[in-house]
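Reader: Can you walk me through this model? Start with the overall picture, then the side chains.

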Amino acid sequence: MPLNIDWQQILLHWMNLAILAGGLYFLLYKPVVDFMHKREQHYKDMEDKADRELQKAEEAKAQYQQKLEGAEEEIREARQKSQAAVQKSAEEQIALAQAQAREIVVEAHAQAKEAREKAIRDSQRELKRLASEAAEKLAFHKDDDPFDSFLDLAEGGSKHESR
């Protein structure tokens, strides 16, 4: 063999190399590639799951935003209703107070009228009593001036008695 090349040895080395490469492929490369594919798929699944969760969160945020806007509207309506109720209650209280004031005024007028009528009755009774006393004194005291005697009795005393 020229240059001391043994083709059989070269062929055996090539066969050993092929067996080594095939063995390493089945022992190392294929499991590593499968592991890498599984890992890549795992991270892709996690990303897809995160995207779905993000989409759900966005939808929930939109729903809550709508509910919040609806709640603000409900709060505004409730506030208006309560203000209207307070206004109505205040008007009812004012009307009630005015009605009570009118009743008090009517009652005061009635009491004043009754007091005036009582004063008139009392004064008429006193006048009748004074007139009867004056008439009695006139009837029993003929020597005095009847008009002066009446005036003395009306003033509350007798000037002739003190003379």
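Author: What follows goes from the overall fold to the helix, the rings and the charged pairs.

Author: This is a predicted model, so local features need pLDDT of at least 70 and side-chain atom pairs count only at pLDDT 80 or more, while totals for chains, interfaces and linings use all residues. Residues are numbered from 1 along each chain as its sequence is written, and side-chain values use heavy atoms, with hydrogens and water left out.

Reader: How many helices and strands in the protein chain?

Author: The protein chain has three helices and zero strands. Helices (H or I, at least four residues) and strands (E, at least two) are DSSP runs, numbered from the N terminus.

Reader: Is the chain spread out or a compact globule?

Author: Spread out: the radius of gyration of the protein chain is 63 Å, well over the 15 Å that the globule rule gives for 163 residues. That radius is taken over C-alpha atoms, and the rule is 2.2 Å times the number of residues to the power 0.38. Along the principal axes, the C-alpha atoms fill a box of roughly 200 × 30 × 20 Å.

Reader: What percentage of the residues count as buried?

Author: Of the 163 residues, 3%. Buried means under 20% relative accessible area, exposed over 50%, and partly exposed in between (1.4 Å probe, protein chains only).

Reader: Now α1. What should its residues span, and how far apart are its ends?

Author: Helix α1 covers residues 7-140, and at 1.5 Å a residue its 134 residues should span 200 Å; the end C-alpha atoms are 190 Å apart, which agrees. The expected span is 1.5 Å times one less than the number of residues.

Reader: Where is the kink in α1 centred?

Author: On Tyr25, with a kink of about 45°. The bend at a residue is the angle between axes fitted to the seven residues ending there and the seven starting there.

Reader: How many aromatic pairs does the structure hold?

Author: Two. Rings of Phe, Tyr and Trp (its six-membered ring) pair if their centres lie within 6.5 Å; planes under 30 degrees apart count as stacked, over 60 as edge-to-face and the rest as tilted. Tyr25 and Phe26 are edge-to-face, at 5.4 Å centre to centre and 80° between the planes. Tyr25 and Tyr29 are stacked, at 5.3 Å and 25°. Tyr25, Phe26 and Tyr29 make one aromatic cluster.

Reader: Is Phe26 buried or exposed?

Author: Phe26 counts as exposed, at 59% relative accessibility. Tyr25 is partly exposed at 38%.

Reader: Switching to charges. How many salt bridges?

Author: Four. The criterion is a side-chain nitrogen of Lys or Arg within 4 Å of a carboxyl oxygen of Asp or Glu. One of them joins Glu73 and Arg76, whose closest N and O atoms are 2.2 Å apart. Glu73 and Arg76 both lie in α1, three residues apart, about one turn of the helix.

Reader: And what does Arg125 meet?

Author: Arg125 meets Asp122 in a salt bridge at 3.1 Å, N to O. Arg125 is exposed at 53% relative accessibility, whereas Asp122 is partly exposed at 33%.

Reader: Which residue does Arg129 bridge to?

Author: Glu126, with the closest N and O atoms 2.2 Å apart. Arg129 and Glu126 are three residues apart in α1. Salt bridges that share partners join Glu126, Arg129 and Glu133 into one network.
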